[in-house]
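User: Could you walk me through how to read a fold like this one, feature by feature?

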Amino acid sequence: MQKRIGLCLLLCVLLLTVYPLGVHADYTLPQFVRIGLMYGNGAPKSVVLESVNGFQIGKYDGREFSLNQETDKKKLTVSMAEDGISIADATGVMLASALKSVGIKPNASGKEQKLKIDGVEYRGGVDCTADGDRMTVVNVVFLDHYLYGVVSREMSASWHKNALKAQAVCARNYVTVHLDKHASDGFDLCSGVHCQAYSGTRVETEQSFAPVDETTRQVLTYGGKLAELYYSSSMGERTEDVKHVWGNSVPYLISVDNSYEDTASVTNGIWSGTLTCEEATTIMRNKGYDVGDVKKIEVLEYTENGRVLKMEVTGSKGSKVFQREGCRTLFNTVTKSQAFTVKPIYEGGQKIPSDVQITDGTKTGSFPVSSLVILSATGRSNVTTALITVSDGVTQTTYSKKKADEGTLTGFRFDGTGWGHSVGMSQYGAKGMAEAGFDYVEILLHYFPGTNLENAY
Ligand SMILES: [Zn+2]
């Protein structure tokens, strides 16, 4: 740690010396990014690499590659052995062994620099590092080539180009701001939705390149710094202020109009789902909130945009209040956004009218059972039973004194709008704006008010 602090100080001094005042060193983009494909529990013991033009074998020091040897073999197997990582060709001939890590790039350059890792094609190279008896597999790829894959995964490449360009800028900002997200795992970002969805060239089409190429080096800034840009699929009529989701206030992550989004027609734009009491109880217990058997789920407070701000779950042993994003993530097998209502589900209740219809022959009035009195030969009395039965001798109707006999609580029904965290840019909203004629800069400045589009270097 001492060493690291020393290095940071040295870097700061260097930066102060090199960059004149007014130049924003914060906007420096990485040339390459390191994307974790397989790691931790998903780390493999071996991977098969394929490249039509053969490979360069060497070593990655972070994002820098140094070459040791070239081979025209089109298929290599990288495996974890007792003494470290070994590389063999398709016939089993060993090219290298006992390595702690190995960097392998396809023999090609520019956009043609592609290789397959276990059958899935990626741009750039691969860095395999020993981790116990398995290997962490990282794709080291040009920033914009990574963005080809991200933009096409995060939005369909068939969408309007201005929506894709807005997405490209968002994704570029995101990766640059979050370069240290997986620092302890040995890479920058993972390839899952935890960071940004990325699956190499698999979903790329001819339309995937221009939105990235035409915005290359463009970033959104606020107050002289790179803005932290967030986006999610759909958000209903308005986006949400970040303070109601993650708790902190950010001047450009406030609630804005999202009326260009056609929420009703998008996947999970309008959703509903149910949980049984047992399921809710299990989820609570598994997440470490043992309130006993869940009896009640109640929204205590909504934001001005109709999102749940506080929600209480009550069980046989106590209750627990959840706030902000926690209200969405708690039951996220059902709740797709923070904008929802929750209602109890009762079974076995009596579906009978609670009011009695009375007529004097000309007018008809409706009266609740509890307000009725009985007149009989012995006098007047209130209705004391829960049910009364009225008969004309032919038909017979039963009325309940209670509003309804609700029966037994069996679960909860959730009805909601939008899909995702609802902070920043709605992807379907951006699509709608692009189709309505707005360009990508207008889209970005709408969802991130007060930011500037600038060229990074
Ligand atoms: Zn991640």
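Analyst: Happy to; we will go from the whole chain to its sheets, a helix and the cores. Please keep in mind that this is a predicted model.

User: How many helices and strands are there in the protein chain?

Analyst: The protein chain holds eight helices and 30 strands. Of its 457 residues, 37% count as buried. Among the contacts with a separation of 6 or more, 66% are between residues 24 or more positions apart.

User: Let's take a sheet. In what order do the strands of the six-strand sheet run?

Analyst: The order is β7-β6-β5-β2-β9-β10, in an open sheet with antiparallel pairing. β7 (94-99) and β10 (120-123) each have a single partner strand, so one side of each is left without a neighbour in the sheet. From one strand to the next, the twist averages 25°.

User: How does β2 pair with β5, and how with β9?

Analyst: Five bridges link β2 to β5 (residues 75-81) in the antiparallel sense. The pairing of β2 with β9 (residues 114-117) is also antiparallel, over two bridges. Leu49, in turn, is opposite Ile117 in β9.

User: Which residues of β2 lie on the covered face, and which on the uncovered one?

Analyst: The general idea comes first: in a regular strand the side chains alternate between the two faces of the sheet. In β2 (residues 46-50), Val47 and Leu49 make up the covered face, while Ser46, Val48 and Glu50 belong to the uncovered one.

User: What is the strand order in the sheet of three strands?

Analyst: That open sheet runs β18-β19-β20, with antiparallel pairing. Its edges are β18 (294-302) and β20 (318-323); each has a single partner strand, so one side of each lacks a neighbour in the sheet. The twist here averages 15° from one strand to the next. β18 and β19 (residues 308-315) are joined by seven bridges, and Val299 stands opposite Met311 in β19.

User: Which helix lies across β18 and β19?

Analyst: That is α5 (residues 277-286), which runs at about 75° to β18.

User: Which residues of α5 are buried, and why do they line one face?

Analyst: In α5 the buried residues are Cys277, Ala280, Thr281 and Met284. Seen down the axis of α5, they fall within an arc of 100°, so they line one face of the helix. The face turned away from the buried side carries the exposed residues Glu278 and Asn286. After α5 comes Gly288, with a positive phi near 90°.

User: Which residues touch the most other members of the largest nonpolar core?

Analyst: As background, nonpolar side chains tend to be buried together in soluble globular proteins. The largest nonpolar core has 73 residues, and Ile35, Leu49, Val137, Val151, Ala166 and Ile443 touch the most other members. Helix α3 (residues 161-177) gives this core its largest share, nine residues. A second, separate core of 19 residues includes Cys277, Met284, Ile297 and Leu330. Cys277 and Met284 are the ones we met among the buried residues of α5.

User: What does Val151 touch, leaving out residues up to four places away in sequence?

Analyst: Val151 touches Leu164, Gln167, Ala168, Ala171, Ser208, Pro211 and Val212.

Technical notes: Residues numbered from 1 in each chain as written. Predicted model: local features only at pLDDT ≥ 70, side-chain atom pairs only at ≥ 80, totals over all residues. Buried ≥ 20, exposed ≤ 12 C-beta atoms within 10 Å, placed from the backbone. Helix = DSSP H or I, 4+ residues; strand = E, 2+ residues; numbered from the N terminus. Pairing = 2+ DSSP bridges. Axes fitted to C-alpha atoms, helices over the stretch in contact; angles between N-to-C directions. Contact = placed C-beta atoms within 7 Å. Core = buried A, V, L, I, M, F, W, Y, C linked by C-beta atoms within 7 Å. Arc of directions from axis to C-beta.
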